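Trainee: Could we go through this structure together? I would like to begin with the terms and then turn to the chain itself.

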Amino acid sequence: MTSIVRASVRVEGVVQGVGFRPFVYSLATRLGLAGWVGNDVDGVFAEVEGSAAGVREFLGLLETQPPPLARVDRVTAAAIAPSGARGFSIVASDHTGRRRALVSADSATCDECLAELADPADRRFAYPFINCTNCGPRFTIVTGVPYDRPLTTMAPFTMCAECAAEYHDPANRRFHAQPVCCPACGPRLRLIGAGAGELAGEPLAAAARLLAGGQVVAVKGLGGYHLAADAGSQAAASELRARKHREDKPFALMVADVAAARELCEVDEAGELLLAGSRRPVVLLPRRAGAPVADAVAPGNRQLGIMLPYTPLHHLLLAEAGRPIILTSGNVSDEPIAYTDDDALARLAGIADAFLTHDRAIHIRTDDSVVRPLRGRETLLRRSRGYAPEPLGLAARLPRPVLACGAELKNTFCLAVENRAFVSHHIGDLENFETLRSFTEGIGHFRRLFDTEPEVVAYDLHPEYLSTKYALELDGVDLAGVQHHHAHIASCLADNGEEGPVIGVAFDGTGFGADGTIWGGEFLLADLAGFERAGHLEPVPMPGGAAAIRQPWRMAAAYLDAAYGGEPPAGLTVAGRNAGHWQEVVTMSRRGINAPLTSSAGRLFDAVAALLGVRDTINYEGQAAIELEQWADPAERGAYRATVEPGPPGAGAGAADVDATGEAMAGVGPLRVRGADLVRAAAEDLLAGAEPPAIAARFHRGVAAAIAGVCTALGERSGLDTVALSGGVFQNLLLLGQVVDRLEESGFRVLTHARVPPNDGGISLGQAAVAGARDRR
Ligand SMILES: [Zn+2]
Ligand SMILES: [Zn+2]
């Protein structure tokens, strides 16, 4: 006779609203176990009784084979006395206590729903809002917690008898699927002409006809409105650019499936997994020669951003259209995307010829996420729809809840409690009222959703960031200012579940330095609590301040002046092209009038891009550096050399913050890397007739060599053998690959980003980690 055991089980993680209880029910039933399962504020609880082997198998499968959208953080089980009761049931939820269960991210339509969508005999055949517990909208429709239909934007839709029966049947795939609906009871699709009211005919077929005719159609998605146009039509793509006032920034595309993606791009295994996974981000992939995509889609870019359909509406539209479509954010220029119907109709009226829309409201604006595969693994450039608000685990528990307000550009905020960090969806550039409102409303929403009142608030040191101003106006909290590049390195540490100390390389465009100057090419000896500035690019003037960011030729002028200590040799075309203002800008640099000094790596890339004729002015952030990377010849093996010199002792600004790494640099100033040497080498190669792609590659390889050289010197001095790479410049794959290779060859362990972007979108996670580490002291 086998012995009977009973276990009390608790499952934590993303386990509610994802079909976990029906999964437990069918698993227990299949293994012949008795007991029950239910939801409470902490997640899922259960008791199971049966043979010891059955209970063991049950516990194993809970962790290894959960439903697709579940994320099991922890399963704990304790033996209790068997009761002898038979049968298995799902018991009522317990809503008492502090909420810790998690809202899941929006998820792409699952295969079972797709099969029903395509089945003429199914009652949801061709229904654009089909979903189940394994797929569909979540974060974007949740208005409050607990996650239940009345607290979603599905509240106005009363379930029909058939849907209600599925919803209440524990054996059904739609058991407690909050957005469940059907053509009889759910949302309805409409096609509205710009100013002309609802258009006649079947909305999807009519929208597809408009796209085929070269028109622009606004399409309501999960987290906002997109603008769609025929991706193969130069006229349609150019018209969309003109109407959106978007000069060069690439448009994302949507294609029907992986096979269609392969016609446009090189799709390796990692790329396919990213394209076809349930998160459905925009995936940046190498463009195939001769891909049938209009030039205006991604001018001057070797890559295309592609996504597969992630809602039933997208699947149906792509099938009707029968071609790849541009699917870009529904906005003008850099404004936030429109997500409410009234706002979309008003703001997109001059852009879209028609609106494919519906009556299920979007509660929170959530942009598409952007990723790219790197050496077989996912790297995020924008973490938003499909990822947020999934928590990131922290290595160390926070003593008190932290709100981190993030940076200014590509803003995200982060609410962190205990060992979980909830990094928000992409908020955007905090430069107008709309985005600032998204920021403040988003923080309020997260506080309610995760039942958390922050006691510590972290912010960037830049006094003009709106996120900083927001933090400084809060009452009754402890404030923690975090230096921008320290936050980058802490973000990389937290991303990897580590605490340091490490040699941190933070290369980006701009960040407020601990000494009040503009930093951006930084080597920090850092742990989560503190840092020392151990090296940096030698500062050069930024003639005209912000104007030098928009006009990279100004940085070429400043760098050439630094490189040659005066007049550069004749014959450089960048000086000729900008002759009208060149001397004035050089004078500005020399006199330091409206020419703040910066150690920014982004500005160094800008200077070389302008020097080579990639471009003299930019239309979007980072454009010159992005295009310089595209120009570089990957087969080139040469590298320019930059001098590295020790600076004066005591110049390690930020030293007051140091703790764990403190004494390593005593008596030595921060190392200074002469970026001007690289610019001079590029100029001389150019004058000698070398090809710009070779020069661009030698420059990239030179920067990588300088980074590796400085890390080696710092490693010898400090004894540290781990390097963390962060900052927007490391979105440059050519540079990142080079740096990682060289560091690994030198025996370093290298940490790069995986779960949050290396750019300022990852800053909030770093700020939270720093504030938590200081709070633990
Ligand atoms: Zn489904
Ligand atoms: Zn129904």
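Mentor: Let us start with a definition: a residue is called buried under 20% relative accessible area, exposed over 50%, and partly exposed in between. Please also keep in mind that this is a predicted model.

Trainee: Is Glu418 buried, exposed or partly exposed, then?

Mentor: Glu418 has a relative accessible area of 21%, so it is partly exposed, given that buried means under 20%.

Trainee: Where is Glu418 in the chain?

Mentor: Glu418 sits in the loop between strand 19 (414-417) and strand 20 (420-423). Its backbone deserves a remark: phi is positive, at about 55 degrees, although Glu418 is not a glycine.

Trainee: And what is phi for Asn594?

Mentor: Asn594, also a residue other than glycine, has a positive phi near 50 degrees. Asn594 is located in the loop between helix 17 (579-591) and strand 27 (597-598). With a relative accessibility of 48%, Asn594 counts as partly exposed, because the exposed class begins over 50%.

Trainee: Let me step back to the whole chain. How many helices and strands does it have?

Mentor: The protein chain has 23 helices and 31 strands. Its radius of gyration is 28 Å, close to the 28 Å that the globule rule gives for 777 residues, so the chain is as compact as a globular protein of that length.

Trainee: What does the C-alpha trace span along its principal axes?

Mentor: The span is about 85 × 65 × 50 Å.

Trainee: What share of the residues is buried?

Mentor: Of the 777 residues, 60% count as buried. As for the accessible surface of the chain, it comes to about 28200 Å², and carbon and sulfur atoms contribute 51% of that.

Trainee: How far apart are the mean positions of the positive and negative charges?

Mentor: They are 1 Å apart, for 72 positive and 92 negative charges.

Trainee: Now a single residue. Is Ser369 buried or exposed?

Mentor: Ser369 is buried, with a relative accessible area of 0%. Ser369 belongs to the loop between strand 14 (354-358) and strand 15 (370-374).

Trainee: Which residues is Ser369 in contact with, leaving aside neighbours within four places in sequence?

Mentor: They are Pro281, Val282, Arg382, Arg383, Ser384, Arg385 and Tyr387. For Ser384 there is a further detail: its backbone nitrogen lies 2.6 Å from a polar atom of the Ser369 side chain.

Trainee: Which residues are joined by cis peptide bonds?

Mentor: One such bond joins Ala388 and Pro389, with omega about 5 degrees. Pro389 is in the loop between strand 16 (377-382) and strand 17 (392-393). Another cis peptide bond joins Gly500 and Pro501, where omega is about 5 degrees. Pro501 lies in the loop between helix 13 (484-495) and strand 23 (502-512).

Trainee: What separates the C-alpha atoms of Ala289 and Leu472?

Mentor: A distance of 52 Å separates them, and the two residues are 183 residues apart along the chain.

Conventions:
Residues numbered from 1 in each chain as written. Chains lettered and ligands numbered in written order. Predicted model: local features only at pLDDT ≥ 70, side-chain atom pairs only at ≥ 80, totals over all residues. Heavy atoms only, no water. Helix = DSSP H or I, 4+ residues; strand = E, 2+ residues; numbered from the N terminus. Rg over C-alpha atoms; globule rule 2.2 N^0.38 Å. Buried < 20%, exposed > 50% of the residue type's maximum accessible area, 1.4 Å probe, protein only. Areas by Shrake-Rupley, 256 points an atom, 1.4 Å probe, with all protein chains shown as cover. Lys, Arg positive; Asp, Glu negative; His and termini not counted. Charge placed at Lys NZ, Arg CZ, Asp CG, Glu CD. Polar contact = N/O pair within 3.5 Å; in protein donor to acceptor, adjacent residues only side chain to side chain. Contact = heavy atoms within 4.5 Å.
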